[in-house]
Amino acid sequence: MVVIVSLLPQAIVSLLKWNAVLRILDLFDNRSLGEAGAKAIAAALRENSSLTALVYSRTSAGMGGCSAIARTLREANNTLIRLDLSEN
């Protein structure tokens, strides 16, 4: 499992857009990412075709951030099969 503890949302987006090897991203308890980070990740997931699991729990994503990720999965991403948005 790959665990990234503290990255700026822009760095995470860049990682997701250009990395074709990363399969699991665990951002558990990174409350500083918040809704803006969730929306940025949602945008990056539109282009990412390698990530199969995302843990984005306890990140203060809020309803807007969780909705953005869900919308992306419904419309543009079919590789992510495990998603944890608990405690947001």
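At what angle do the axes of helix H2 and helix H3 cross, and within what distance do they come? In this predicted model, the axis of helix H2, which covers residues 34–45, and that of helix H3, which covers residues 62–75, cross at roughly 5° and come within 8 Å of each other. Because angles under 35 degrees count as roughly parallel, H2 and H3 are therefore described as roughly parallel to each other. On the H2 side, the residues that take part in the contact are Glu 35, Ala 38, Lys 39, Ala 42 and Leu 45, and these meet Gly 64, Gly 65, Ala 68, Ile 69 and Thr 72 of H3. Sorted by class, the contact of H2 with H3 comprises five nonpolar, three polar and two charged residues.

The two helices belong to a protein with three helices and three strands, and the order of these elements, read from the N terminus, is α-β-α-β-α-β. The radius of gyration of the protein is 11 Å, close to the 12 Å that the globule rule gives for 88 residues, so the protein is as compact as a globular protein of that length. The C-alpha trace spans about 25 × 25 × 20 Å along its principal axes.

Among contacts in the protein with a separation of 6 or more, 76% are accounted for by residues 24 or more positions apart. Of the 88 residues, 40% are buried, while the accessible surface of the protein amounts to about 4,800 Å², with 56% of this surface belonging to carbon and sulfur atoms.

How values were computed
Residues are numbered from 1 along each chain as its sequence is written. This is a predicted model: local features need pLDDT of at least 70, side-chain atom pairs count only at pLDDT 80 or more; totals for chains, interfaces and linings use all residues. Side-chain values use heavy atoms; hydrogens and water are left out. Axes are lines fitted to C-alpha atoms, for helices over the stretch in contact, and angles run from 0 to 180 degrees between N-to-C directions. Helices (H or I, at least four residues) and strands (E, at least two) are DSSP runs, numbered from the N terminus. Angles under 35 degrees count as roughly parallel, over 145 as roughly antiparallel, 65 to 115 as roughly perpendicular and the rest as oblique. Contact means heavy atoms within 4.5 Å. Ala, Val, Leu, Ile, Met, Phe, Trp, Tyr, Cys and Pro count as nonpolar, Asp, Glu, Lys and Arg as charged, and the others, Gly among them, as polar. The radius of gyration is taken over C-alpha atoms; the globule rule is 2.2 Å times the number of residues to the power 0.38. Buried means under 20% relative accessible area, exposed over 50%, partly exposed in between (1.4 Å probe, protein chains only). Accessible areas come from the Shrake-Rupley method with a 1.4 Å probe; for residues, only the protein chains shown count as cover.
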